[in-house]
Amino acid sequence: MKTFLLIVFLLWLSMAAAAQTRAKQEQKVFPYAYTIDDLPNGLRLVTVPTDYPNLVAQYIVVSTGSRNEVEPGKSGYAHLFEHMMFRGSQNYTPEEQDAILKRAGASSNAYTSDDRTVYHETFAKEDLDEIIKMEADRFLRLKYSPDVYRTETQAVLGEYNKNSANPISGLYEKLRETAFGKHTYEHTTMGFLKDIKDMPNQYDYSLEFYRRYYRPEYTTILFVGDVTRERALKLVKQYFGEWQRGNYSPKLPVEPEQKEPRTAHVEWPSPTLPRLAIAFRGPAYSDQEKDKAALDLLAAIAFGENSDLYQRLVLKEQKVDALEISFDNQIDPELFTVFVRVKDLKGVDDVRDQILVTFKRYTKELIPQEKLDATRSRLRYRTALAMNSSDAIANALAPFIALRRTPETINQLFALYQRITPEDIRAVASRYFVDDHRTIVTLAHDSEAKRTVNKQGEHR
Amino acid sequence: MMRKIVVALVILLTFALVPVFLPAIDGQEESKTANKIETVLVPDRSPLVSFRLLFLTGAADDPKGKEGVAALTAAMLARGGSRARSYDRIVEAMYPMATSFDSQVDKEMTVFSGTTHVDNLELYYALVREMLLDPGFRQEDFTRIKTDAINFLKVSLRAGNDEELAKEHLYNIIYANHPYGHHNLGSLGALEKLTLDDVRDFYRAHYTGANLIIGLAGGYPAGFPKQVIADFARLAEGKRERSKIAMPKLAPGMRIEIIERETRSTAISLGFPIDVERGDKDWAALALAASYFGQHRSSNSYLFQKLRGERGLNYGDYAYIEYFPRGMFQFTPAPNLGREQQIFQIWIRPVEPQNAVFAMRAALYEYDKLQREGMPREAFEITRQFLLKYSNVLTQTQDAQLGYALDSRYYGIPEFGAYLREQLSKLTLEDVNRAISQHLRTENMRIVMVTKDAEALRQAILSGKPSSITYPSPKPKEILAEDKIIEAYPIKVKQEAVVVVPAEQVFN
């Protein structure tokens, strides 16, 4: 009798657990109710009310980044433009802009990446009206003099300078330049140094950039926090309603297929530990096609902290003290890159080989189902943990808004993760991790490292 | 065309309204030892649970010759195995939960922090508990963690982040021969010699119930704090004993140290000790003055507007009255860096080397002006308004609320937002200007610069010659007139107080 009861109980327990799992899978990763409103001029408003009191996070996402810098000699302008947006508009001097943000107790900034420029402010909800009005003025009626423009180009050079002390920026620049030949992903968001130095002479081009891209059809306004759709929509219509739609779309060069493995070396002028970047041409973002999603899962499994490789190189053999993957969601095909810092120059060859073997391994081996499940769980919880304030929710949404202009793409992406099988991952890995699509860049202080690089051609 | 999509609310995450600040739960029934463990609880209805387990110990407790042992001990607990599980097993267990358990070591505080979804609270807490209470102290972890610390100082900081290098060296020279006198990670000479036994000794001596404050926030179950207290009662009882940390005594006069290394630009930090900490009478006045003069990473402040906005000298210029590490990576300060001693600091982000002396003079000129004239009334009102609202931004997340609550306990003040509002509402412009003139006055400014051709820079400083500046664009005549003053602004420093330090010698 007792045994029977126990079995019934266990059965019930497992059913309950299964039901719970199903419920969990059905819950959306982006759990907030949101609204989308499109204005006739092409501007989109996304409003996400939350229970966090008092504050509103306002993110204005322009789907323009260094990717859009198609003319030779004109890299870095999306980022420069981000700076210019703080230098006054027709009805507000920079001092007046600052005073408004200051009275609102705002945390305010902006950033630029390959595919987007994001202007963000988090502030007290009662200041919403005044801040939207001011924002609209700089988006619709930006105004700066040639002198102010030239001064700001110097601040941009200052930004390049402060970044330049870090070897990672040198390694990353070289990687982009080597892996891409035609596409604008060839340069970093900061731009080529020679182009940055030429910026003071390009006032007219800067205005052209504004006319092309600071347009409603490129822009989505995102509000998250203590705000209602009615209020947000009324204000956005009032202040952004007259914004004129543009008519420019850039002709982006298509990157031809890579036909041979590439290598490059950065000789770093000061003492540092050797670094290594191993990249394969990867896919663009998609919430429909399996390629990017499958490789996202593989990235964590093959190279994440819990991977065999990480545990071997970082914890057991202790040859490497940093092992990171870079594989962003991008509009166009992006590199799948593993970055490592090696503790000893003598270990570079071996580390490189172990990484290459790992890439090969997953083109042949099937990933165990439990690892795949653990990784899906991780991605899900990571997203939940990251959304811990209105500002954090808006910040997490912004890249997806730049890509698809809707939060729903996050849910679609996670639904796609759910459908990926070990076979999918193996198939995708063998399509992308092809020697001819590979770029390896090394960085070291010693010229000895150069010899290591030159040998890489042999390693196919 | 108007299109409307409304998606139904999915209740995965429900959030609370206003978190409650509960002082302590000293009255709870526990064993005698347990009663002595302090708690700071910030419960709410969030699906996340945040931990901040704060030990009142840190780099100031590093014994002489063993600088770095406090940081190594914390890292061994947070990034090493427990007795039952090797570190790779811990990583494996945390992986599906997307959690981590991190440590931060400052002079007087060591905090272990992490956030988990409440779904995973039981397993996460089991890991955290064994990591802190049953550390594995394995040799392989020790080797890795010690090498990481050495490489961080030698490579990441000394040869990869000029700005943080200048700041940390500034602290080191201000606090020379003082308990704060070495980097929180240690000094290279001492680190090389540290052993696992040193770590064990440090753990035994300082990881005590008396030094611990348990901080929990979020949607944990009702009985959970009680369980944590009971578990941590296993720590040796210990005694909380810290003698008052004195203000550092500086040799009189200005001192400039120029760190030489191969780099494109010149990073600059300036500072001197102040006798004011959070909770002191003049803290809010000085906080307001620093925000006006150089609010962190904000274009809304005076220095930024003068140096970057008007002149395009660099990427930004800021001022501080509390330690704020990693400022280039974050917009708001990390909590749990409570200190009895602080400095007033000016951070000039890297400038083109030919403008280095001009930029330093500009910083000194503006600082002297602030000191002499105080701040104007209009700026006072608007900065006060800013800070009143900005405190909400600082404590946006439950983890930040918890961190600030722990700091408030340390400084003996009420909940941070309430404290700031109360203090600011009482302030007058006269209070602020008196505080500026009283506390921000020094003849003993310390300056650190990081640059390529250090000797040339040294000569340029000592020559007393004007450091002229040219711009790629015409400037208004007021700026040019002010430039004339700045270019020739006297640098009151003796020849022997301007020294060149090779980068290889920093943190040794």
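Two strands count as paired if DSSP finds at least two bridges between them. Helices (H or I, at least four residues) and strands (E, at least two) are DSSP runs, numbered from the N terminus. With that in hand, welcome to a predicted model, in which local features need pLDDT of at least 70, side-chain atom pairs count only at pLDDT 80 or more, and totals for chains, interfaces and linings use all residues. Residues are numbered from 1 along each chain as its sequence is written, and chains are lettered from A and ligands numbered from 1 in the order in which they are written.

β3(A) and β5(A) are antiparallel partners, joined by eight bridges. β3(A) also runs antiparallel to β6(A), this time over seven bridges, and here Ile60(A) has Ile221(A) of β6(A) as its bridge partner.

How many residues of β3(A) are buried? Eight of its eight are, where buried takes 20 or more other C-beta atoms within 10 Å of a residue's own, exposed 12 or fewer, and partly exposed anything in between, with C-beta atoms placed from the backbone. In a regular strand the side chains alternate between the two faces of the sheet. On one side of β3(A) sit Leu55(A), Ala57(A), Tyr59(A) and Val61(A), and on the other Val56(A), Gln58(A), Ile60(A) and Val62(A); both faces are covered.

**The five-stranded sheet of chain A**

Another part of chain A holds an open sheet of five strands with mixed pairing, in the order β7-β11-β8-β10-β9. Its edge strands, each pairing on one side only, are β7 (262-267) and β9 (320-326) of chain A. From one strand to the next the twist averages 15°. At the β9(A) end, six bridges link β9(A) antiparallel to β10(A), residues 335-342, and Leu323(A) has Val340(A) of β10(A) as its bridge partner.

Helix α6(A), residues 167-179, lies across β7, β8 (275-281), β10 and β11 (438-444) of chain A. Its direction makes about 150° with β11(A). For such values, axes are lines fitted to C-alpha atoms, for helices over the stretch in contact, and angles run from 0 to 180 degrees between N-to-C directions.

Helices α10(A) (290-303) and α16(A) (422-432) pack at about 100°, their axes 9 Å apart. α10(A) is therefore roughly perpendicular to α16(A), a label that covers 65 to 115 degrees. Residues are in contact if their C-beta atoms, placed from the backbone, lie within 7 Å. By that rule α10(A) contributes Lys290(A), Asp291(A), Ala294(A), Leu295(A), Leu297(A) and Leu298(A), while α16(A) brings Asp424(A), Ile425(A), Val428(A), Ala429(A) and Tyr432(A). By class, this contact has eight nonpolar, no polar and three charged residues. Here Ala, Val, Leu, Ile, Met, Phe, Trp, Tyr, Cys and Pro count as nonpolar, Asp, Glu, Lys and Arg as charged, and the others, Gly among them, as polar.

**Domains in both chains**

Domain bounds come from an automatic or database domain assignment. That assignment gives chain A a domain 1 (35-240) and a domain 2 (262-458), and chain B a domain 1 (32-232) and a domain 2 (255-333 + 340-505).

| Domain pair | Distance between C-alpha centres |
|---|---|
| Domain 1 and domain 2 of chain A | 28 Å |
| Domain 1 and domain 2 of chain B | 30 Å |

In chain A, 32 residues of domain 1 meet 29 residues of domain 2. Elements giving two or more residues to the domain 1 side are β2 (44-49), β3 (55-62), β5 (117-124), α6 and β6 (219-225) of chain A. Which element gives the most to that side? It is α6(A), with seven residues. The domain 1 side divides into 17 nonpolar, nine polar and six charged residues.

In chain B, 27 residues of domain 1 touch 30 residues of domain 2. On the domain 1 side, α6(B) gives the most, with ten residues. That side has 13 nonpolar, six polar and eight charged residues.

**Where the chains meet**

The contact between the chains takes 70 residues from chain B and 69 residues from chain A. On the chain B side, the largest share, eight residues, comes from α13(B). The chain B residues divide into 35 nonpolar, 20 polar and 15 charged.

Note on methods:
Contact = placed C-beta atoms within 7 Å. Parallel < 35°, antiparallel > 145°, perpendicular 65-115°, else oblique.
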